[in-house]
Amino acid sequence: MEKEILELEAYLETVKDFTLPKFKELPGVDLYMDQVLQYINGVLEDLSPDDKKVLTSFMVNNYVKAKMIKEPVKKRYSREQIGYLIAICLMKATISMSDMSLLLEMDEGITENKERLYSFFCSMETSILEPTVEKTSKRIEGYKKRYEKEKEIDPEKASSNLRDSLGLLALRLAIQAQANKMLSERIIAYIRQDMHGDKTVAIEEGQSPREIRHEIRQGLHEADRLAEAKAKEKRIRNRRKNGKKGE
């Protein structure tokens, strides 16, 4: 686990120092699709440790079709559209296209100044990402110190304990993300009700109402699974705590 923990520390250090380009730093000339993909994937590559492309032409076309961004002019995308695509890329893992469309729909009511909107998003991204990474880094630093001490006595057990600690940390972060996602979806549902009344929630491309209901049921099962996992984590933590007291 020594190699992996060093790689994880290096990744967290990179993410901690990550900042989005300012609006004025975005391309000043309109770009074709391949240039847009190259630019945005380059900007966000530090956040993807597996080198997976965060944006493809298929995604961009879907966002245009869903009217989440304006259509390109003569197949070229402006600075404003690139700013929106960066924001969408960062949010797409935790928010559905229909919910994101609703939030983007509210932009005009906040301000028509796209530079101000983009700057606000960047500021919020930094203010949330930075302390989260810092807190995670401190936890991992503690695990590493404990590992170094335990390794002198029993290297195999030390590695096992380190894996367990990292696993629990990953679980904690996943539960936190799920909780935030759940609350975000509920708030957006209330906003949608206020803005559009009893109209049916916007459906993702190709989804039927039956599939939507199935997703809701899956979401409830997932919530139950996460609750059980959280309870298991608490039991493990209590056993370890009681075990230390008995030593």
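This is a short chat about a predicted model of one protein.

Colleague: How many helices and strands are there in the protein?
Modeller: The predicted model has nine helices and two strands.

Colleague: What pattern do they follow along the sequence?
Modeller: The order is α-β-α-α-β-α-α-α-α-α-α.

Colleague: What share of the residues is buried?
Modeller: Of the 247 residues, 28% are buried.

Colleague: Take α2. Which of its residues are buried?
Modeller: Helix α2 spans residues 33-43, and its buried residues are Met33, Val36, Leu37, Ile40, Asn41 and Val43.

Colleague: Where do they sit around the axis?
Modeller: They cover an arc of only 155 degrees, so they lie on the same side of α2. In general, an α-helix has 3.6 residues a turn, so residues three or four places apart point the same way.

Colleague: And which residues are exposed on the other side of α2?
Modeller: Asp34 and Gln38 are exposed there.

Colleague: What covers the buried residues of α2?
Modeller: The cover includes β1 (31-32), α3 (57-65), β2 (76-77) and α4.

Colleague: Moving on to α4 and α7: at what angle do their axes cross?
Modeller: The axes of α4 (residues 79-91) and α7 (residues 114-151) come within 10 Å and cross at roughly 25 degrees. Angles under 35 degrees count as roughly parallel, so α4 is roughly parallel to α7.

Colleague: Is the crossing left-handed or right-handed?
Modeller: α4 passes α7 in a left-handed crossing.

Colleague: Which residues make the contact?
Modeller: From α4 they are Glu80, Gly83, Tyr84, Ile86, Ala87, Leu90 and Met91, and from α7 they are Lys114, Leu117, Tyr118, Phe121 and Glu125. Eight residues of this contact are nonpolar, one is polar and three are charged.

Terms used. Residues numbered from 1 in each chain as written. Predicted model: local features only at pLDDT ≥ 70, side-chain atom pairs only at ≥ 80, totals over all residues. Heavy atoms only, no water. Axes fitted to C-alpha atoms, helices over the stretch in contact; angles between N-to-C directions. Helix = DSSP H or I, 4+ residues; strand = E, 2+ residues; numbered from the N terminus. Parallel < 35°, antiparallel > 145°, perpendicular 65-115°, else oblique. Left-handed = near helix turned anticlockwise from the far one by under 90°. Contact = heavy atoms within 4.5 Å. Nonpolar A, V, L, I, M, F, W, Y, C, P; charged D, E, K, R; others polar. Buried < 20%, exposed > 50% of the residue type's maximum accessible area, 1.4 Å probe, protein only. Arc of directions from axis to C-beta.
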